[in-house]
Amino acid sequence: MSATVGAGYAEGLLGRQDVAYPALPPLGPANLDNARRVLDGRFRLIGEEYALAGGFSWTENPSRDKEWQIAWHKHYFLADVVYAASVTGDGAYLRRFAALLQSWLEEMGSGFIALSDAQVEAKRLESWITALTLLRQVEWRGIVGDGLLERWVRRMGDEALYVSRNLKRVRNHRTFQLASVFAVGVLFPDLEGAAHLRDLGREQLTANLLTDFLPDGVHVEQSTHYHQLVCETAVAFVALSLANGVPVEPQLLERLHAALRFCAWAQWPDGGLPLINDSDTGDLRPVLAGGAALFDDPELLYAATLGADGSKPAEPSRDFPVSGYVVLTDGARGQHVLYDCARLGEGSHSHYDLFSFTYWAAGGPLIVDPGRFTYASDPDADGVDWRHRFKSTAAHNTVQIDGLDQTRYLSRTKHGADVAVEGRTVVLGGDHLDWIRASARSAEYAPVHERLLAYPGRDYLLIVDRIDMVDGADHACDLRFHFDDALAPVLARGADGVARAETERGAVHVLGGAVWVEGGWVSREYGVKHPATVLRAHARSAEPVTFVSVVAPRGVAVESLCWETATGVVAVQGTRGGVRFADRLTISDGGVRWSRR
């Protein structure tokens, strides 16, 4: 694709005022640190760092993990280098930027990493546009010239055209692709075919987002991390459209608003992100702030400022009935539960984690989802497929049957028949008791697992797991709770048969089966995992098995936990803030009745 070229091109491009450029993403010390590494010839991606000598080839991968090269070719580091130039005024950063860009343009063509189906080209375009936006704010003259910028913009047009011809059929890759196609069409109107790119991107991105954001706002892949990324892309698309006079469909605005509301509910009180399905740690506050401004929404502002501004939601808990997620809170930003009573997410980012949950309390995460760790499925030196390990049912806070996954793992991107969610019932707000009940029916084994998760007084979690063997045969049942890696649980067993794992943020009490602690992992960043502790309860029987558990935050001391099998009654006694309480929950087919004295 061609653009107007010649002397003065750089001045015209970097000084033009007839196009509104996108808002910059959050940038700060981490980006400066990365820029310093790049200036020194070091590239750190997916938890691995390599020093590359001058004259390196972009076609070579120093890592065994293909994801390293994929991330490298997305050129996130180019924006960091220009950002460093804008902060420090040091021309060495711009010279490094120009040299890296020039070498890549000279060596590489589009489509080198075919594995990513043009998603790499899309994310690279996003990085390039961020770098160009930053370049407009620095003294570039004498370092970045007409020729390089002409070639760069021309290549952006070619890459956008390539992406438009190699679109993913559905989901997040298609979103990223179409967003980049649209942005190039809007920002570089002098390119031949710019109008086509703009209109194609707008029309098809709108349709894709309406498909991928479910009616309750949750992204169809059910990953908190990818939900954040798609929300960021969608907000940027809407903002760029409105700033440049491109109309936005009202239905998309409505669906995006719902998606941002899920962001607000999903984030932890400290701004952290529960790692549900394939996820790394994230910060939802910037996209929530953008959404609050876009929709003039005080609840989004409340979430973006961690309660410092705006208005808190009228209700403390929220069901997302289409996706199946439920968020429970105490209404005072002291506790947060994200419960996965949900369908399996579409695509390959789902984990086998039905009825798992995360619990934030006493200033930090108590019970966590271990995260993603890797997309690589090649066994390590010990024969471990870490992709499978982190996706497995055993890696989540739910019940595993016969050592099997709820859904069969076939490969790094494929799985067997989805586990079925049956009888999902959600009751929120009734008499200060929230509760959710459903059953899991798997194609991998005969037993049916029913979980009741209740939140009495919004003080602690009560979990009753009942496994009906169905076929009359012996089956092994394993209940697990994964603690945050910052915690060191101490296990004690009482004469009442209750095992208690105490931590500085709270405790887990389990009645039923043999109980012990074992090693686990937590991964908040791709390629990096940290040892953590897992509490495990085990029972094997041909008769129904029941585990009764209480997860209580610091400040709620549980002294007694009893289960009456014949009557379906759970009795919990203890103190809350030093005040004694005695709870009695009666569980029947008709629901849950709760009393406290």
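Modeller: This is a predicted model. Leu 14 has a relative accessibility of 7%, so Leu 14 counts as buried; the cut-off for that class is under 20%. Leu 14 sits in helix H1, which covers residues 9-15. Leaving out residues up to four places away in sequence, Leu 14 touches Leu 132, Leu 135, Arg 136, Trp 140 and Leu 149. Asp 309 is another matter: 295 residues separate Leu 14 from Asp 309 in sequence, and their C-alpha atoms lie 37 Å apart in space.

Rolling a probe the size of a water molecule over the atoms shows where empty space is left. Across the whole structure, the search finds 2 cavities of 30 Å³ or more. The second largest cavity holds about 30 Å³. Its lining is made of His 73, Trp 104, Gly 109, Gly 111, Phe 112, Ile 113, Val 120, Glu 121 and Arg 124. Helix H6 (residues 119-135) gives the largest share of that lining, 3 residues. By class, the lining of the second largest cavity splits into 4 nonpolar, 3 polar and 2 charged residues.

The largest cavity has a volume of about 70 Å³. It is lined by 15 residues, and the closest to its centre are Ala 342, Arg 343, Leu 344, His 351 and Asp 353. The lining of the largest cavity counts 6 nonpolar, 6 polar and 3 charged residues.

Next, an open space. The second largest pocket has a volume of about 440 Å³. There are 22 residues in its lining; Arg 64, Asp 65, Thr 374, Ala 376 and Asp 378 are the closest to its centre. Strand E2 (48-51) and helix H3 (66-72) are the elements that give two or more residues to this lining. In the lining of the second largest pocket, 9 residues are nonpolar, 4 polar and 9 charged.

Last, the sheet. It is open and has 4 strands, in the order E8-E13-E18-E17, with antiparallel pairing. Strand E8 (399-401) and strand E17 (514-525) are at the edges; each has a single partner strand, so one side of each lacks a neighbour in the sheet. Ignoring direction, neighbouring strands of this sheet are turned by 30 degrees against each other on average. E17 and strand E18 (residues 528-541) run antiparallel and are joined by 10 bridges. Opposite Val 522 stands His 530 in E18.

Terms used. Residues numbered from 1 in each chain as written. Predicted model: local features only at pLDDT ≥ 70, side-chain atom pairs only at ≥ 80, totals over all residues. Heavy atoms only, no water. Buried < 20%, exposed > 50% of the residue type's maximum accessible area, 1.4 Å probe, protein only. Contact = heavy atoms within 4.5 Å. 1 Å grid on protein atoms, 1.4 Å probe; cavity = no way out; pocket = protein on both sides within 12 Å on 5 of 7 lines; lining within 4 Å. Points joined across faces, edges and corners; volume = space filled by probe spheres on them. Nonpolar A, V, L, I, M, F, W, Y, C, P; charged D, E, K, R; others polar. Pairing = 2+ DSSP bridges. Axes fitted to C-alpha atoms, helices over the stretch in contact; angles between N-to-C directions.
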